[in-house]
Amino acid sequence: MSKTKNILWFDQINLTDLPQVGGKNSSLGEMINQLSNSGINVPGGFATTSDAFRDFIQQAKLEKKIQDVLDKLDVHDVHALKKAGSQIRQWVLDATFPEKLEKDIRQAYQQLTKKYGKEASYAVRSSATAEDLADASFAGQQETYLNIHGEDAILNAVQAVFASLYNDRAIAYRVHRGFEHGNVALSAGIQLMIRSDLGSSGVMFTLDTESGFEDVIFITSAYGLGESVVQGSVNPDEFYVYKPALEQNKNAILRRNIGSKKHKMIFTENTDHQSSTSTIDIEVSEQNKFSLTDNEIMQVAAMGLKIEKHYGKAMDIEWAKDGQTGEIYIVQARPETVKSRDNRNVLQRYELKESNNKRNVLTSGRSVGQRIGHGNVRVILNASEMDQLIDGEILVTDMTDPDWEPVMKRASAIITNRGGRTCHAAIIARELGVPAVVGTSDASKVLKTGQAVTVSCAEGEEGFIYEDIQEFIINKINLEEMPDLPFKIMLNVGTPDRAFDFSFLPNHGVGLARLEFVINRSIGIHPKALLQYKKQSDEIKQKINERIKGYADPVSFYIEKLTEGIATIAAAFYPKPVIVRLSDFKSNEYANLIGGVNYEPHEENPMLGFRGAARYIDPKFQDCFELECFAIKKARDDMGLTNIAIMVPFVRTPEEAREVTNLLKENDLARGKNDLKIMMMCEIPSNALLADKFLKYFDGFSIGSNDMTQLTLGLDRDSELIANLFDERNEAVKSLLSMAIRECKIKNKYIGICGQGPSDHPDFAFWLMEQGIHSVSLNPDSVIETWLYLAEHAN
């Protein structure tokens with residue numbers, strides 16, 4: 001296959017050819033040449049050159065005509081932009097290819113048919129290039145056409161790709177970025193189509209797109225052609241893969257979120273580039289399955305990791321699974337351009353002022369951007385009406401595509417019915433620095449034009465749209481200015497979906513990860529109801545079936561979801577210690593879980609009832625407790641997250657301490673095995689009074705100041721009538737805490753605190769520091785304030 005002025009084959013291209021074939025095509029050639037032997041499958045093909053594009057424009061005598069129109073254009077005038085773009089594109093489509101260019105493309109296509117067969121079809125992709133702007137990204141600005149076959153159809157698609165250099169959005173993009181139109185040319189890539197219409201496809205980023213956490217690969221996946229995921233027309237499955245475990249050939253899947261995947265894009269029999277694909281509905285039974293198996297998730301992630309290492313930077317990659325062969329292919333790869341460029345030394349945190357119970361949630365979806373925005377809603381369902389959007393309004397639509405880009409910068413937030421966190425709306429929102437909530441399913445019906453709302457993407461993976469304008473604050477933290485402290489500050493982390501974000505706060509690990517939070521938010525079902533699924537009523541079974549979609553069976557769902565929650569927090573902070581507290585639900589809280597009312601006793605005072613160690617060692621609960629043990633063991637042993645320590649709550653007597661540690665040992669979680677540490681919550685006066693006896697069975701204490709205070713002072717911490725009397729700084733409480741700290745120090749064992757007290761009272765944290773406590777675990781929102789307070793008063 002020979003090199004010519006008009007055509008370059010992918011296997012002859014590398015990154016140095018970017019000026020001739022653009023970023024997309026030069027990257028495809030680079031991977032074929034450099035990574036094929038490393039197991040990276042990239043479909044073959046060829047690219048037209050920028051010289052070919054320029055010759056075509058010049059021979060058609062379009063260069064001056066196009067420049068004259070663009071010189072007079074104000075891209076902020078949407079109507080003028082549409083008129084100019086349409087006129088120029090029609091000129092390009094009406095022009096005739098130079099004879100040699102047409103001949104070269106036909107001959108190249110004939111060589112492809114000899115290699116891949118006459119039945120093969122091709123993607124015709126755009127790849128913009130700027131000779132003196134090699135670092136410019138033109139992603140999504142021009143067109144891509146899928147399932148093209150036949151010489152004439154290929155030629156028509158190439159010409160349509162050339163014309164797309166003058167899409168409205170592409171013209172506006174170049175002006176906004178300060179690029180000269182004449183400096184940018186177009187290369188068309190003709191690439192073998194993978195039969196992902198019969199399989200699945202999607203996008204992966206080699207970091208977490210929201211926090212910028214670099215130790216994970218984030219994968220989105222749906223059935224059919226990948227355009228559905230890129231465009232945001234489906235809500236895809238999501239997977240997080242932990243890079244260090246992947247490199248060690250361990251179980252590396254941290255999290256799985258199943259998407260609705262209601263339809264897919266497939267091939268048609270048409271050769272016309274405007275009708276070569278169509279969209280069909282997916283059977284409900286298929287929607288309820290993950291679109292990739294665990295092995296396939298690992299394969300996709302392994303390819304992403306190799307590509308990232310080769311390029312030496314975070315990458316944005318499109319992949320496809322061939323439904324006929326089952327093989328995974330990489331069809332595009334480009335550098336990630338948003339989170340990888342963040343200033344890691346400065347943290348910016350958005351926070352709503354009012355508490356949750358004072359806000360009315362109108363709808364929710366997947367959060368993008370970790371910001372908060374508010375304004376008046378503008379519902380726009382057709383791109384032809386997008387110029388109605390006024391600066392500062394909140395754009396609400398079904399989904400966006402690149403045609404929306406000229407006006408999206410006006411929005412203070414973006415909300416869509418459809419799409420996942422790698423769709424077009426999500427990517428543009430990140431680039432613009434505005435919050436977006438995608439995949440709500442009902443936003444355009446629930447929200448009305450002119451309605452005042454607040455869009456919050458600062459509360460985890462779920463983004464919320466609240467009624468009315470809600471006040472919020474923005475905290476900026478310069479990590480380079482954080483002073484040293486004489487003890488360790490750890491974090492209390494309740495929900496795994498904030499773990500990656502919280503890991504960027506100054507910290508020495510996690511002093512409290514609450515299993516009951518994972519059970520409540522990610523599972524929501526009583527473990528006994530899952531263990532005894534067949535005995536449940538039809539109503540309960542229906543609720544369980546809805547939650548366990550994608551998982552093998554009810555018990556596997558419980559174990560996997562627990563493992564995912566534990567592993568996500570542990571991975572976010574690895575190798576720093578993460579102390580996981582075993583579930584500390586009270587009987588009334590367990591009863592509130594699906595199916596729970598059938599298994600829980602009614603207690604007058606659940607706070608002092610069937611909870612903690614007493615529950616674990618009770619024969620009626622032991623099979624439930626074993627599921628927790630299995631999940632912890634899986635995260636530690638199978639995934640290599642040996643920074644996980646166990647903490648046992650509410651241990652009333654040394655005898656209970658002995659029994660519960662023996663039970664852990666029976667479940668292969670013995671102290672010291674694989675460096676496992678087992679801590680105890682010191683939260684009952686007896687724990688401090690008999691500290692020496694309790695410490696025989698544990699590696700240390702973590703003080704629970706809430707329970708210790710209420711039990712020492714005889715207060716019900718949930719009673720508003722005596723709430724003013726609740727104070728961890730009471731002398732009786734501090735006397736007990738001093739005893740516990742002193743005994744741990746004598747025995748050279750860990751002593752920390754994870755209760756609410758230090759988060760609420762920095763002076764209490766300072767007193768603990770004076771007592772010689774090893775660590776104080778704080779709520780993330782109080783870390784900076786408390787850290788600076790302690791540093792100031794320690795000097």
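How exposed is Arg-195, in terms of relative accessibility? At 25%, Arg-195 counts as partly exposed, where buried means under 20% relative accessible area, exposed over 50% and partly exposed in between, with a 1.4 Å probe and protein chains only.

Before going on, this is a predicted model, in which local features need pLDDT of at least 70 and side-chain atom pairs count only at pLDDT 80 or more, while totals for chains, interfaces and linings use all residues. Residues are numbered from 1 along each chain as its sequence is written, and side-chain values use heavy atoms, with hydrogens and water left out.

Arg-195 and Asp-197 meet through their side chains in a salt bridge, 2.8 Å from N to O. A salt bridge here is a side-chain nitrogen of Lys or Arg within 4 Å of a carboxyl oxygen of Asp or Glu. Asp-197 is buried, at 3% relative accessible area. The whole structure has 51 salt bridges.

Next, Glu-560 and Lys-634. Their closest N and O atoms are 2.2 Å apart. Glu-560 lies in helix α19 and Lys-634 in helix α22, residues 622–638, so the pair ties together parts 74 residues apart in sequence. Helices are DSSP runs of H or I, at least four residues, numbered from the N terminus. Glu-560 is buried at 17%, and Lys-634 is buried at 14%.

Last, Arg-615 and Glu-600 form a salt bridge of 2.7 Å, N to O. Arg-615 is buried at 1%, and Glu-600 is buried at 12%.

Conventions: Helices (H or I, at least four residues) and strands (E, at least two) are DSSP runs, numbered from the N terminus.
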